[in-house]
Amino acid sequence: MSRTVTVSTAVFAAIWANRREGEETENAILSRMLGCGGEAGANETVAEGDGGVHDSRNNAHFPEGFEVFRNYKRREYKAIARQGVWLREDTGDRYPTLNQLNESIVSGNENVWNGNWKYRTPEGVWRSIDTLRS
């Protein structure tokens, strides 16, 4: 369960000034700083009741079994939301965040919401995962 906390710009900046490599959310940073981490606290994604993946930073939920696709250098990559992580179909490797999943394919910093990752609607139409953010 998550809660909304209102902080000043100065406090927000201080939180991010304390960020360490791999921390993608305020929750991850504060979990480490306050000593209440654990697996979910360190990741951008957490398992929801249905076992899917929830990205709290972007308020996007991917139910258990949700498939995402991306093409890179004429090759298609596919991952499935499974028990709070992204399971890469071709390697079987598990990634707690979309950013880490993407990094396993493309080195360097890339916005995963830029339209490269897509999903298929029930009608068979390809859509960017960006449409799932609220």
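**Core, rings and a loop**

Visitor: Which residues touch the most other members in the largest nonpolar core?

Guide: Phe62, Trp86, Leu98 and Ile129 do, out of 19 residues in that core. Keep in mind that this is a predicted model.

Visitor: Which elements give two or more residues to this core?

Guide: Those are β3, β5 (75–82) and α3 (98–103).

Visitor: And which gives the most?

Guide: That is β5, with three residues.

Visitor: On to the rings. How many aromatic pairs are there?

Guide: The structure has five. Ring pairs join Phe62, Phe66, Trp86, Trp113 and Tyr119 into a cluster.

Visitor: Take Phe66 and Tyr119. What are the distance and the angle between the planes?

Guide: The ring centres are 5.4 Å apart and the planes sit at 40°, a tilted pair.

Visitor: What does the pair tie together?

Guide: Parts that are 53 residues apart in sequence, because Phe66 is in the loop between β3 (60–62) and β4 (67–72), while Tyr119 is in strand β8 (residues 118–120).

Visitor: Is Phe66 buried or exposed?

Guide: Buried, at 17% relative accessibility; the cut-off is under 20%. Tyr119 is buried too, at 10%.

Visitor: New topic: the backbone. What is phi of Lys73?

Guide: Near 50°, a positive value in a residue other than glycine. Arg74 also has a positive phi, near 60°.

Visitor: Where is Lys73?

Guide: Lys73 is in the loop between β4 and β5. Arg74 is found in that loop as well.

Visitor: Is Arg74 buried or exposed?

Guide: Exposed, with 88% relative accessibility. Lys73 is exposed too, at 69%.

Notes. Residues numbered from 1 in each chain as written. Predicted model: local features only at pLDDT ≥ 70, side-chain atom pairs only at ≥ 80, totals over all residues. Heavy atoms only, no water. Phe/Tyr/Trp six-rings, centres within 6.5 Å; stacked < 30°, edge-to-face > 60°. Helix = DSSP H or I, 4+ residues; strand = E, 2+ residues; numbered from the N terminus. Buried < 20%, exposed > 50% of the residue type's maximum accessible area, 1.4 Å probe, protein only. Core = buried A, V, L, I, M, F, W, Y, C linked by side-chain atoms within 4.5 Å.
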